[in-house]
Structure formats: structure tokens, C-alpha cells
Amino acid sequence: MAESKVRKSAVEPAVKAAAKPESHLAMVRRARKINRVLAQTYPYAHPELDFETPFELLVATVLSAQTTDLRVNQTTPALFAKYPTPEDMAMAVPEEMEEIIRPTGFFRAKTKSLIGLSVALRDRFGGEVPGRLADLVTLPGVGRKTANVVLGNAFGVPGITVDTHFGRLVRRWKWTEQEDPERVEAEVAAIFPKSEWTMLSHRVVFHGRRVCHSRRPACGACPVAQLCPSYGEGETDPEKAQKLLKYEMGGQPGQRLKPPSDYPGSPAPALGAG
């Protein structure tokens, strides 16, 4: 009886503390601390799609739907070699493009979008990718997420990119309870200065791909564990959690064939090379 009473009293304060609602101000402070820790953990955070021009980034981002950035990066060299400009891609034979982008999945729908957006760029924007959200979202296959990726990384216009990783993590961290990407974007944007939006997106996505996985997060190896209200959903044992880390955190290649010079991991292999 005495032993059970001790255990109960030891647990009660933690339960009560966990049940106490967090104020909005406290959440904002915690969110900004998480961002600072992520900035220290991933100072090299970057878009994980290979690109050299706004057009290449736009195309790669459209291709990235329902597949990995690695598979896109392995596919785009051949695509851009054959269709280097919007004018070239607008004139593409659909069946020929489909064969090139087949590895990315949904290749028929993506081919239709790529040809359609290339025609729009050629006919409505003088062959140049526009630098305004309102213009980008008028292009076939381009939604707000894709537009923010292009604006933030090709034009330096701050934006929050709500992909599956970003949405999953910000809900785990209780920054928002929203499911709709636009509402998630709006609520998270209200927490951080506009100057942080683009890099925040990279850091959160990096963390989601490397540590805070969907099915089995590596809680025991997480740099923001003490700030996470969902700690314990994954593996808490440090040694076991370490084995769950991916990409450079786990000593493995990244997703880019041509990563930035400050990337600490190794480049990904070309298609068919491994």
C-alpha cells in the first residue's frame, strides 16, 4: 500500500502540470525557442530540390508531389537537358515527357501540368517565372505551397511552405490545431517575424525528415525534446532513437545530387547509381 501511494504522489504533479493549459504567449515563446534550436542544429538547412533557375525550381516543385525530392533530383537532369526553357517545354510531345518523368509517379497528370504552365509562362509572362504569388497560383499545377517554395528560394520573398512534414510537426508542437494548409500557414506566420518564414520552413521540414518521423519519431535523439508537448510518441531510448536518424544525421547521403557547399553530408546518387 505504501509503495502504491508513493508512486501515485510522484505521478500526480506531472499529470496536473501536463493538464494545465498553455497560454498563447507561452506557446509563442516556446515556438520561437524551438526555431532557435533548429537553427543551431541545421545551420545549413536548404531547399532539397536541385535547381539553378526559377523555372527549374518551379518544375521540380511540381514534380515533387507524392514522391521524394531525391527521386525528383534524379529525374530532372534528363528533363532539363531536353527542355531547358519554358518555350521548349511548351512544345513537348506529352508521351516523350511522360517517359522521362515516369519515376516521379503520376507522370501523366504532371506532364499535363508542366506543359500547361510552360505554355502560360511563354504566352502570358514572356517566358519568365513571375515573382508574385497572385501570378504563380494561376499557373496549371501550381498551388500556394509551390508558389511559396519558388518565391522564398528563387526570389527571396518570405513565405511559409506547408507540406506534409511541416503540418505534421507544427501540430505535434501545438503551434496550431488546423489541418487546412492555408490556415496552418496563417497561424504559424502570426508566431514568427516575416524574415524567418522561409528558413523556418526549411528547418521544420529538415527536422521532420531526419528526426521527427511520422510513424516512429526519434524522441530520444531530438534536440527540441524538452520543448515538445508530444515527447514520448516515439522512441525515447537514446541509443535506439539514434538508429532512427536519417540523411546526414544518420550518416547517410542527402536528397540533392548537387547540395550546397556547406552541407555536411554526402551528395545523393544519380538515377541508377545506387
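Biologist: How do the residues lining the largest cavity divide into nonpolar, polar and charged?

Modeller: The lining of the largest cavity holds 10 nonpolar, 2 polar and 2 charged residues. Ala, Val, Leu, Ile, Met, Phe, Trp, Tyr, Cys and Pro count as nonpolar, Asp, Glu, Lys and Arg as charged, and the others, Gly among them, as polar. One caution: the model is predicted, local features need pLDDT of at least 70, side-chain atom pairs count only at pLDDT 80 or more, and totals for chains, interfaces and linings use all residues. Residues are numbered from 1 along each chain as its sequence is written, and side-chain values use heavy atoms, with hydrogens and water left out.

Biologist: What makes a space a cavity rather than a pocket?

Modeller: The work is done on a 1 Å grid over the protein atoms alone. In a cavity, a 1.4 Å probe fits but cannot get out. A pocket is an open set with protein on both sides within 12 Å along at least five of seven lines. Lining residues have an atom within 4 Å of a point. Grid points are joined across faces, edges and corners, and a volume is the space filled by probe spheres set on the points. The count is 1 cavity of 30 Å³ or more. The largest cavity has a volume of about 90 Å³. Its lining has 14 residues, with Cys-212, Pro-217, Cys-219, Cys-222 and Cys-228 nearest the centre.

Biologist: How many disulfides does the whole structure have?

Modeller: The search finds 0. A disulfide needs a pair of cysteine sulfur atoms within 2.5 Å.

Biologist: Why is Cys-219 called buried?

Modeller: Buried means under 20% relative accessible area, exposed over 50%, and partly exposed in between, with a 1.4 Å probe and protein chains only. Cys-219 is at 9%, so Cys-219 counts as buried. Cys-228 has 17%, so Cys-228 is buried as well. Thr-111 has 2% and is therefore buried too. Buried residues make up 45% of the 274 residues in the protein chain.

Biologist: What is Thr-111 in contact with, leaving aside its neighbours within four places in sequence?

Modeller: Pro-94, Met-97, Glu-98 and Ile-101. Contact means heavy atoms within 4.5 Å. Thr-111 is found in helix α7, residues 107-124.

Biologist: How many helices and strands does the protein chain have?

Modeller: There are 13 helices and 0 strands. Helices (H or I, at least four residues) and strands (E, at least two) are DSSP runs, numbered from the N terminus.

Biologist: Which residues lie nearest the centre of the largest pocket?

Modeller: Asp-69, Asp-163, His-165, Val-205 and Arg-209, out of 34 lining residues. The elements giving two or more residues to that lining are α3 (54-63), α9 (144-154), α10 (164-172) and α12 (197-210). Helix α12 gives the largest share, 6 residues. The volume of the largest pocket is about 770 Å³. Its lining divides into 9 nonpolar, 16 polar and 9 charged residues.

Biologist: Which helix gives the most to the lining of the second largest pocket?

Modeller: Helix α4, residues 69-82, with 4 residues. The second largest pocket has a volume of about 210 Å³. Its lining divides into 4 nonpolar, 2 polar and 5 charged residues.
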